[in-house]
Amino acid sequence: MAEMWINMGPQHPMTHGLWNLRIKVDGETIVDAEPEVGYLHRGIEKICENRTYTQIIPISDRLCYGSSMTWSHLYCLTVEDLMGIEVPERAEYIRVAVLEMQRIASHLMWLAAYAADLGAMIGFIYTMRDREIWIDLLQSLTGSRITYNFPRIGGVAHDLPANWDRDALRACDYMDKKLKEYEDIFDGSKVFMMRNEGVGILKKEDALNLGVTGPPLRASGVKYDLRKDQPYSVYPELEFQPCYHTDCDCYARFKVRMDEMAMSCHIIRQAINNMPKGKWRVVSPRNAPVGTGLGRVEDPRGEGMMYVVGDGTDRPYRLKIRSPIFVTVSAAPKMLIGYKVADVVAIMGGLDMCIGETDR
Amino acid sequence: MVGRQKRVLKGEIEEPPTRIDGQPEELVIRTLLDMFPSTLTDFKKVRDGLLRAKIERRDLFKACKSLRDNLGFEHLSMISAVEYDSRFEIVYHITSYEKRLLLELITTTPKDDPSVESISAIWGGANWQEREAFDLMGIKFNNHPNLQRILLPSDYLYHPLRKDFTGGG
Amino acid sequence: MDVVTKDFFNWATRNSIYPLHFGIMCCALEMAVASAPRFDAQRFGVIYRSTPRQCDVLLVNGPVSKKMKPALRRLYDQMPGPKWVIAMGECAISGGPFYNSYSVVPGVDQFIPVDIYIPGCPARPEALIDAFIKLQKIIKENKKGLLTGK
Amino acid sequence: MNLFQFCYGLIHWLVDLINNIWYWLGDHLPWAFGDFFTAVGDFARSHEHIAVMAIILEVLIIVIIALVNVLNFIWLDRKFMGRMFDFYGPYYVGYRIGGWLQNLADGIKLFVKEIITPAKADRIGFFLGPVIFVGSSFAALVTIPLGWDFYIGTNAGPTPPGTFPGVPASALIAFMFFAIAPFSILISGWSSNNKYTLIGGMRSAAQMMSYEIPMLLCVASVVLLAGSFSFHGVVAAQHDIWFAIPLFVGFIVFLVCLVAEVEIQPFDLPEAEAELVEGWTTEYCGMRFGLFMMTSYLRGYIGGALAVALFLGGWQGPGFIPDPIWFLLKAYIVFIIVEWMRWSVPRVRVDQMLNIGWKRLLPLAMLNLFIAAVLKVWGVF
């Protein structure tokens, strides 16, 4: 068979969003690949220049539909850095608990999509079922299922509802049991291991050079977790370890995310048990000073970063968003070339694509 | 609980070195100022782990190369372009994983010639970010391998993040 | 002939709705959740197909950017008739929070005829299932022979 | 009384009934039509005509049974999947019979849909693909007997000793037709002029090449033990013990190959949903797609029936239930086991699929054939 270009996308079951992967195949082997993004470009950076600081929080929620809490938290962190606001400690603990819940929900969403890509429908169904528990917790806290609009500049929107901490701890126990079940389903399946081991190798040097962050980076053997190494909230007071793996393949990425879910349960327990009493919000000024603010968090997908320039008014002069997947997906040709067409789903699924933040 | 710990931790537990003495920041400042005494200005330690410096654009490529090769800044986090009245500022956030440092390197270009040297030969991750800055802000990156629009359709006419663009948003 | 068969065909058409497996933004997650155990849209015979050739319903669940517009129009044209369009969420109805963006089409009904609008940002899975039931009602009341199209 | 005799008798009775009126008309019509009427009536009463009509009726009965079974299978598949996955499956369409009407609604809806032939498709191939696929599957279906007396055949009288009723070498014919379908997949994949369908068709061809051989080797071992090429002979040889017990390795290899042949989950590479949009059916719409979907389930039914006839004792069971019911019951159980695998296992990759076929299943099938030969030489069977 001669070489030919195949467009996978914008509408394709593999993409989980709107993007286009152009691959050049020789028979079934990929010889060239070229991702193409921009189908969901909404101009959020321009929109933010015309909204007040408070109005941007719901828009930053819609940056990434998989982990919207992380992005609105990142936005608030950035603006707090610009305005010089000290957040009350209880608010920080609430934020950490909620962020880790969002991380678990996001990883479960990834696992569901990944299992469905590989053809294991049972993985899709079971993870979606268990994701509902975390969505319920976040919903009882914030009132919405996906876009929460919960963090505020200077704290969080409101205090925890009654018995929420008890439910969260129960959910953590349930999740620990379920993680063992997932290991039975996935690691115990010979076909799953065949599809994952040794596929999509991204060496450490390539990962560093191409700016890959988050679980793919840690799966390539770099022990770097922003929560641990450049801590931003109350993470220094909590006890946890970054999860990493040295195999550089799809299975390593899978394993890193599975370990991160267990670690997130561990963090949620600590955050809820150590939560101090007190205020959960301070009043933020309406206008920001002239200057710049920088926020940097460990998104479930990598390193999320925002850079805000204030000009003394109530609107940001410029808000730049760094999307982890936007950089990671540019490393896709490195991982794809040389593998089969069927490996595209394993490799690109292992990156956990979220187009909302990629295209902004 | 014991089983959980065993499952999660891979290999030995390594505590991150404490950063109280501020040693890595000063090392970076000293080395960079020695290498670029005239073009590197406004060096400032903003807070622990965050440095800020301004550099003229003719030395940007050399500075980035020495940052990666000599000082161990192996990760380019973000390239953001900001428009001011008479100039564009291009802000490079560069991370060092080992030293746990973030360096904010700011370079300026005049408005009538918005172009800097591309650093995608140093960090491959800069490739798409520079294309994005070109797409949305219209900054030319010299010696870029493939400087085309990335987010907007290729026949789009404007650079929408500029302040004089009034097409919406 | 049509008089005799139309009720029968109508019954079949309204009870077997195949939407296109096509996710744009937040509502795409809720679309996935709607077919997962808790909400279970499969009870109504809703099965997601991946190719537009085998679909009845185009589910637009997010903002349509100007780069995406021709591709979406082509997807709609590729679907065989009779076909319906559901605009799910504020973004597909009017652009939502991005209504005045330079790159978002404010509402999918500017270039595709839309039958059902689901408000919500994002629309909940229950709302999506309700939309499917409303679509069944629309098909039921649309007493034109279904062989002749919509 | 076997199926042919039943159909023959039925047709004969009907023809006699009609001929009464017909001869009466011929006798009483005034003009010289009487001879013509008598000739037509005599032709209708002749053995040849009644036999042909009886065969058509037989085929009709078997096909209707098969179609009802296919509806059952799809329903069972979706219900079983639902129970595995914590939901109901089809529920509201045909509420009182457990959502059974859902598949009927799907089929009729697809019948109503518009049929699009892509502009750049090869029209003849695009049309021939479904025809060959459906035709070959039905041809394979009608050779499989459902019971000792429930098969498509022409032997009206008792069978001579030493031979078996039914089509001679019916197992060979069934496998021949069963193996045609991948060619039609290749035709439709190529003629759709779409890259996904082309890759799907090529994958299907590779899959057929690598899995047909171990499967036929397993069939050869069964035929060796039974000493007959016909299904009746194979089933009769399993009167004492099912072949699945001495030829356990072969049974497993046969099941795996069967799953690959009917293209369901671990081996559904030609229609791998995640990477090739819908595989080789991507460009098909309307009833053509409906036929593809129905026929793929029909092939699942044929596969189950083949496994039952060759390895699981066919229609033999405790005598209180009629033969066809036993046969279908076993086929359903085989189908459910296959579906169980389908919903819980990821998909393999194309090179891994070929590896499994050539490096694992082929040696195992040879080993199985060797076991069968040893058993035969020792005179166990």
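Which residues of α10(D) are buried? In this predicted model, the buried set consists of Gly250(D), Phe251(D), Val253(D), Phe254(D), Leu255(D), Val256(D), Cys257(D), Leu258(D), Val259(D), Ala260(D) and Glu261(D). That leaves α10(D) mostly covered, with eleven of its 14 residues buried. The cover over those buried residues includes α6 (170–178), α8 (195–226), α11 (286–311), α12 (323–344) and α13 (350–378) of chain D. As for geometry, α10(D) runs over residues 248–261 and spans 20 Å from its first C-alpha to its last, close to the 20 Å expected at 1.5 Å a residue. Just past the helix, Glu263(D) adopts a positive phi of about 60°.

Over in chain A, there is a helix pair to look at. Helix α4 (residues 89–118) of chain A and helix α5 (residues 121–142) of chain A have axes that come within 8 Å and cross at roughly 160°. With an angle over 145° counting as roughly antiparallel, α4(A) is therefore roughly antiparallel to α5(A). The crossing of α4(A) past α5(A) is left-handed. On the α4(A) side, the residues that meet α5(A) are Val98(A), Met101(A), Ile104(A), Ala105(A), Leu108(A), Met109(A), Leu111(A), Ala112(A), Ala115(A) and Ala116(A). Their partners in α5(A) include Phe124(A), Trp134(A), Ile135(A), Leu137(A), Leu138(A) and Leu141(A), along with Asp130(A) and Arg131(A). Sorted by class, this contact between α4(A) and α5(A) comes out at 18 nonpolar, two polar and two charged residues.

Now for how the chains meet. Five pairs of chains are in contact, and chains A and B share the most contacts among them. Chain A puts 35 residues into that contact and chain B puts in 32 residues. On the side of chain A that touches chain B, at least two residues each come from α1 (44–49), α8 (204–209), α10 (226–229), α11 (250–273), β7 (302–311), β8 (316–322) and α12 (324–328) of chain A. The most comes from β7(A), which gives four residues. By class, the chain A side splits into 15 nonpolar, ten polar and ten charged residues.

Chains B and C also touch, with six residues from chain B and six residues from chain C. The chain B side of that contact has three nonpolar and three polar residues, and no charged residues.

Note on methods:
Residues numbered from 1 in each chain as written. Chains lettered and ligands numbered in written order. Predicted model: local features only at pLDDT ≥ 70, side-chain atom pairs only at ≥ 80, totals over all residues. Contact = placed C-beta atoms within 7 Å. Nonpolar A, V, L, I, M, F, W, Y, C, P; charged D, E, K, R; others polar. Axes fitted to C-alpha atoms, helices over the stretch in contact; angles between N-to-C directions. Parallel < 35°, antiparallel > 145°, perpendicular 65-115°, else oblique. Left-handed = near helix turned anticlockwise from the far one by under 90°. Expected span 1.5 Å × (residues − 1). Buried ≥ 20, exposed ≤ 12 C-beta atoms within 10 Å, placed from the backbone.
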